[in-house]
Amino acid sequence: MILGPSGCGKTYTARKIYSLSSRKSGPFVTVNAAEFNSNLIESELFGSTRGAFTGAVEKDGLFAASDGGILFFDEIAELPFNLQAKLLRVIETKSYHKVGSYQERKFDSKLIFATNAQLSLYIKEQKFRFDLFQRISTITVNLLPLRNRFKDIESLAIKFAGQHKKVLSQSAIQKLLSYQWPGNIRELKNVIDRACTFCKENV
């Protein structure tokens, strides 16, 4: 479980874990739970059989696509409540079935979850299952906002500028260090990208 505010690098952290893992030769598959409505996300995760619902075709889901690799659940707090019990069962049994089918299918994926939500509040408001939270938070990584990672600002800014083949002056770095970065790393990257786009010089 990766926790932290929006834009602080949760997806990057998940990809870094993947690149350092024994599964780096397998697929890295991402699903954002907030992108799908409750009618579609189940078939996206588990696949569907032809005719299971209106317009349904025979297809594999993201669990099948991530087999042998890592499945990254972003915005897990937004997973519909009725699906949370199904996900818990899938995690515990390491098996699932397609929508419209009763045939059990095994999977071999490691799961990484991320959210910027305070899950304790979601649990209190009965928007997130406590038993699912206990199951997916075995190992938790807490990412601090960029303003609390002062040393990272300069190194990240230099990296982003280098992607444009630009170099940051010391005065530019000091400007960056004097800002609070409410948008975190995403905001920092956008600022550097914009500056490099309009800067005609190498520095």
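A residue counts as buried here when its relative accessible area is under 20%. Keep that cut-off in mind for what follows, and remember that this is a predicted model.

Let's start with two rings. Phenylalanine 63 and tyrosine 96 are both buried. Their rings make an aromatic pair, one of 10 in the count, with 5.8 Å from centre to centre and 35° between the planes, which makes the pair tilted. Because phenylalanine 63 belongs to helix H3 (residues 62–65) and tyrosine 96 to strand E4 (residues 95–96), the contact ties together parts that are 33 residues apart in sequence.

Tyrosine 96 has another partner. Its ring centre is 6.3 Å from that of phenylalanine 107, and with the planes at 55° this pair is tilted. Distant parts of the chain are linked here too: tyrosine 96 is in strand E4, while phenylalanine 107 sits 11 residues away, in the loop between strand E5 (105–106) and strand E6 (110–115).

Which residues form one aromatic cluster? The members are Phe46, Phe63, Phe73, Tyr96, Phe107 and Phe113.

Rings also turn up under charged side chains.

| Lysine | Ring below the charged end | Distance to ring centre |
|---|---|---|
| Lysine 127 | Tyrosine 122 | 5.6 Å |
| Lysine 189 | Phenylalanine 160 | 5.8 Å |

So if you're looking at the structure, tyrosine 96 is a handy place to begin: it pairs with phenylalanine 63 and tyrosine 96 also pairs with phenylalanine 107.

Note on methods: Residues are numbered from 1 along each chain as its sequence is written. This is a predicted model: local features need pLDDT of at least 70, side-chain atom pairs count only at pLDDT 80 or more; totals for chains, interfaces and linings use all residues. Side-chain values use heavy atoms; hydrogens and water are left out. Rings of Phe, Tyr and Trp (its six-membered ring) pair if their centres lie within 6.5 Å; planes under 30 degrees apart count as stacked, over 60 as edge-to-face and the rest as tilted. Helices (H or I, at least four residues) and strands (E, at least two) are DSSP runs, numbered from the N terminus. Buried means under 20% relative accessible area, exposed over 50%, partly exposed in between (1.4 Å probe, protein chains only). A charge sits over a ring if NZ of Lys or CZ of Arg is within 6 Å of the ring centre and within 35 degrees of the ring normal.
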